[in-house]
Each structure stands twice: as structure tokens, then as C-alpha cells.
Amino acid sequence: MMKIKFLLLLLPFLCIACNRSSEEKSESSIEEKPKAEMTFDKSKWLIQEGTNYPYREKMLNDVVYNDTIRSLNKGEILELLGEPNKINDGHLYYTITRTRFELLTLHTKTMVIKLREDDGIEWIKIHK
């Protein structure tokens, strides 16, 4: 009788543990799917369809991790990437993807470039 009580107490914990494990596996398998990437192309980077930029997600890694781009100054960045969606306090914000439902924005991925006082790039980050 004691063993049955123990098993009944243990059962909910096992169920929770198994559920979390399967959720973690499904999330990791989603993240591990390779994205189709492409090299930076200025004309495609600037294409906007409504509020979406269809090519920016595919070019993002080439821009963020490109040493040549990181060596540019503000004027050169604006010439290469075009006007940012937002400029605020030495930060340039480029919208990469935006998920909307009606008028509500549900999710936005943005590339942020922080400029130094001499207008060089301090860092480039992806904000989700």
C-alpha cells in the first residue's frame, strides 16, 4: 500500500518532467533549422513590401558579422543600408522582420547599430 501511495505522488512530477523535456526538444529543433541565407545586396535590402522587408532576414548575418561593414562610419552606413527606420541617441534601428495582427505589432526583429562619438560603429546587435 505504501508503494502505491509513493507512485501516485511521484506520477505528477514525472509527467511534468516529461512534458518539459519534450517542449525543450521541440524548441531546440525549431531553432536548429538552417535559414536560407544570402550575401548582402543593397537593392534587395532596401525593398519594402508594405511594412515588411522580404530579404533582410536572409542577409542579416552577412551584415552583422561583416568586418568591412563594421569599419564604416555613419555616412557610409547610411549610403550602404539606406535610412534607418529610427534614429535615437546615437543608435540606428533597421527593421528586419515584423509580425502584425491587425494594428497590433506582435513581434519585431531589429538590427541596432550603436555609433561612437566619432560616428564610427561601436557595435551591431540584433534585438528581438
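**Briefing: a hairpin and its salt bridges**

In the hairpin of strand 3 and strand 4, which has five residues between the strands, Asp119 adopts a positive phi near 70 degrees. Strands (E, at least two residues) and helices (H or I, at least four) are DSSP runs, numbered from the N terminus. The model is predicted: local features need pLDDT of at least 70, side-chain atom pairs count only at pLDDT 80 or more, and totals for chains, interfaces and linings use all residues. Residues are numbered from 1 along each chain as its sequence is written, and side-chain values use heavy atoms, leaving out hydrogens and water.

**Confidence**
- The chain has an average pLDDT (the predictor's confidence in each residue, from 0 to 100) of 82, and 73% of the residues score at least 70.
- Residues 21–34 have a pLDDT below 50, and this stretch has zero contacts (heavy atoms within 4.5 Å) beyond near neighbours in sequence.

**Strand pairing**
- Strand 3 (residues 104–115) pairs with strand 4 (residues 121–127) in the antiparallel sense over six bridges; pairing requires that DSSP finds at least two bridges between two strands.
- Met111 has Ile126 in strand 4 as its bridge partner.

**Salt bridges**
- The whole structure contains four salt bridges, each defined as a side-chain nitrogen of Lys or Arg within 4 Å of a carboxyl oxygen of Asp or Glu.
- One of them joins Glu79 and Lys42, with the closest N and O atoms 3.4 Å apart; Glu79 lies in helix 5 (residues 74–81) and Lys42 in helix 2 (residues 42–45), 37 residues apart.
- Another joins Asp118 and Arg116, the closest N and O atoms being 3.1 Å apart.
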